[in-house]
2 protein chains.
Amino acid sequence: MSGERSKIGVVAPASRLPPEVATRVLALAERLYPGRTPEIVFHPQCFASHGHFAGDDEARAQAFVDVANDASFDAVWVARGGYGSCRVAESIVSRLKQPSWRKTYVGYSDAGMLLAALYRIGFTGVAHGPVAQDILRDGGDVAVARVLAWMIDRAPEALEPTVDGGKMTAAFNITVLSHLLGTPLEPRLDGHVLMLEEVSEAMYRIDRSLFHITSNPNIRRVSGIMLGRCSNITPNEPDFGMNEEEIAQYWCRRSGIPWLGRADIGHDSDNKIVPFGASYAGQT
Amino acid sequence: MSGERSKIGVVAPASRLPPEVATRVLALAERLYPGRTPEIVFHPQCFASHGHFAGDDEARAQAFVDVANDASFDAVWVARGGYGSCRVAESIVSRLKQPSWRKTYVGYSDAGMLLAALYRIGFTGVAHGPVAQDILRDGGDVAVARVLAWMIDRAPEALEPTVDGGKMTAAFNITVLSHLLGTPLEPRLDGHVLMLEEVSEAMYRIDRSLFHITSNPNIRRVSGIMLGRCSNITPNEPDFGMNEEEIAQYWCRRSGIPWLGRADIGHDSDNKIVPFGASYAGQT
């Protein structure tokens, strides 16, 4: 896409986006890309409200499909996490048409439900990376600049440092992956380096989720697990007695999955891009 | 067991039991069963401490196996929930010997991991019901009296009212069932009425867990779902827009699983006994 003006569609398959995010993202994009400012279109659905969600299930699914099936868009960027993608992922996947196949899709956290469903059906442009709402974080401009650099130029410096384009990779929030195993969203991860991160869970919940994930026969075919950051861990009463890295190593040992160390991902501004699969180099 | 003195062993495969629970349970048993007071043995492991747990994994597994494999015990009663059974369930199951096969096993919440593992290998005396620690609840004596009446006399009034001994039943905490699906603990629940309850989760988490459970192909072979009580629901920001019964009905509709109404189980003193399977009548 280098040299021409990218067109990025933002949709919110989970929770509602505060309007200020759009204003700030558009201003940042103008500053970062003078002369070739990407066209970033926030679908009006991002700002809709229906109970917990940014619009009801049908509105959220339709917005995603609108952008994914529109040949004029290069990328579908998830506005934010929260909760709700699992309710619409199957409906979205069933309605995707040819223009959707080679687009870039980026998000993380709750959006992992969609990344999984898209990767499962063979989409090659799926990546775990910052969402629009990350601009509200401390240092959030850097996170958004990183994901723009990925979506617009496939900038290699946006990548998680161990991603080399040769080995297959995938990344998920721990709780989200746990909740999609065994469902029609579950992708095949055989031979992948699986990177996992977590936010706002107690240590016993991280332990329980890693029991669930590493006990799954399909997951046991990954080539190894890397642990991203586990931030804002809620209190464990009494103290759990192990930290998140010790827990991950424990479950790797028990399950026979190779422990591959730490990954540079998490619910923060340093969250790097992890493409799903190994083919990202071919998409620049 | 009627007419003779029952012997019940209490073990804690998850969190540590406060010693006052033992004192109060023993006093209640004496009041309830003058002349044939059951012998209730609290394994010393119940009061051990290792980080989050009532002793390390090996100590917890060994205590359970000690009691289960001892022919002098009629029942293995789980001291309390908390967290930890998933770490020891496989180890326990691999060490069970003949005297364990026809015993009664009762617990709920975290202990669902063990109930599942025991039922999976064909144990017929498994039931979802109050734990010893429930004596600390308001009205907790009633809960403990109920589970004693079940363990000692198979008292039919202890049962969840829709349990008739003819249809197969099973009961789980929603989060616990979600986290054992796809693991070596998962039991076969084809044709069972599946009763589900929850505590201390936000509405969006209940929704996500029910997505996970009802999207599982094995679970879709249950004969129907009944919803127990969902208590101490933590705040959902913004308001979720559906209550727990509407959520359960929604996922039943989407998955094609029959919705069978409410079940009289939950994290409270009214928690009734739900035997796993349909054979309880044969065990009196």
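## Symmetry of the two copies

Chain A can be laid on chain B with an RMSD of 0.0 Å, by a turn of 180° and a shift of 0.0 Å along the axis (least-squares superposition on the C-alpha atoms of residues with pLDDT of at least 70 in both). The two copies are thus related as by a two-fold rotation axis. In chain A, the C-alpha of A:Gly182 is nearest the axis, 3.3 Å from it.

This is a predicted model, in which local features need pLDDT of at least 70 and side-chain atom pairs count only at pLDDT 80 or more, while totals for chains, interfaces and linings use all residues. Residues are numbered from 1 along each chain as its sequence is written, chains are lettered from A in the order in which they are written, and side-chain values use heavy atoms, without hydrogens and water.

## Extent of the interface

In contact are 39 residues of chain A and 39 residues of chain B (heavy atoms within 4.5 Å). The chains bury about 3,200 Å² between them, 52% of it on carbon and sulfur atoms (accessible area lost on being put together, 1.4 Å probe, summed over both). In chain A, the most area is lost by A:Arg87, A:His179 and A:Arg208, together 22% of what that side buries.

## Charged pairs

Six salt bridges link chain A and chain B (a side-chain nitrogen of Lys or Arg within 4 Å of a carboxyl oxygen of Asp or Glu). One of them joins A:Arg87 to B:Asp207. Their closest N and O atoms are 2.8 Å apart.

Note on methods
Buried area is the accessible area (1.4 Å probe) that two parts lose on being put together, summed over both.
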